[in-house]
Amino acid sequence: MLMRTDPFREFDRISRELTGPGTWSRPTAMPMDACREGDTYVVSFDLPGVDPEAIDIDIERNMLTVKAERRPAGNAENVRMEIAERPLGVFSRQLVLADALDTEQVRAEYDAGVLILRIPIAERAKRRRIKVGQGESRQQITG
């Protein structure tokens, strides 16, 4: 079932504010979208303000792990922060990938604060048509 709204979104926001930023031992989840484009799965993660060097992508067996860290911007000496609402800390997401995906050919790109992973479907898992042949030797059973 597809849910258009999330009744717990406000609760999640409040709980994130109370628990503080994510750490490497307790990271915060990052928003994600996933879709299929032909023979490729495309997974997009929102990571605005994250330096591409601070993004780690690992695949072990069929577990994809994405971790990123957003650090505070270097403040000048005479700057006093008035409002600080953008979340800082460590963000992480894990996905179990199907065996039908080719984890050797994953491509990653980062543009405008969005990390996009393209995961192709393995050749062995692609749909193929099997031709049905006719038997060449037919025997009549007599009894």
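Arg36 is a partly exposed residue, because its relative accessible area is 47%, a value between the limits for buried (under 20%) and exposed (over 50%), as computed with a 1.4 Å probe on protein chains only. The model is predicted, so local features need pLDDT of at least 70 and side-chain atom pairs count only at pLDDT 80 or more, while totals for chains, interfaces and linings use all residues. Residues are numbered from 1 along each chain as its sequence is written, and side-chain values use heavy atoms, with hydrogens and water left out.

Turning to the charged side chains, the structure holds four salt bridges, a term that stands for a side-chain nitrogen of Lys or Arg within 4 Å of a carboxyl oxygen of Asp or Glu. One of them links Arg36 to Asp39, with 3.8 Å between the closest N and O atoms. Asp39 has a relative accessibility of 38% and therefore counts as partly exposed. Another joins Glu69 and Arg71, where the closest N and O atoms lie 3.2 Å apart. Arg71 is exposed because its relative accessible area reaches 56%. Glu109 and Arg118 also form a salt bridge, and here the separation of the closest N and O atoms is 3.9 Å. Glu109, at 40% relative accessibility, is therefore classed as partly exposed. Through salt bridges that share partners, Glu37, Glu109 and Arg118 are joined into one network.

Leaving aside residues up to four places away in sequence, Thr40 touches Cys35, Arg118, Ile119 and Pro120, where contact means heavy atoms within 4.5 Å. Thr40 is located in strand E3, which covers residues 40–46; strands (E, at least two residues) and helices (H or I, at least four) are DSSP runs numbered from the N terminus. With a relative accessibility of 19%, Thr40 counts as buried because that value is below the limit.

The sheet comes next. Strands of a sheet pair through backbone hydrogen bonds, either parallel or antiparallel. In this model, four strands make up an open sheet with mixed pairing, in the order E1-E6-E5-E4. Its edge strands are E1 (28–29) and E4 (55–60), each of which pairs on one side only; two strands are taken to pair if DSSP finds at least two bridges between them. E4 and strand E5 (residues 63–70) run antiparallel and are joined by six bridges. As for individual residues, Asp58 has Thr65 in E5 as its bridge partner.
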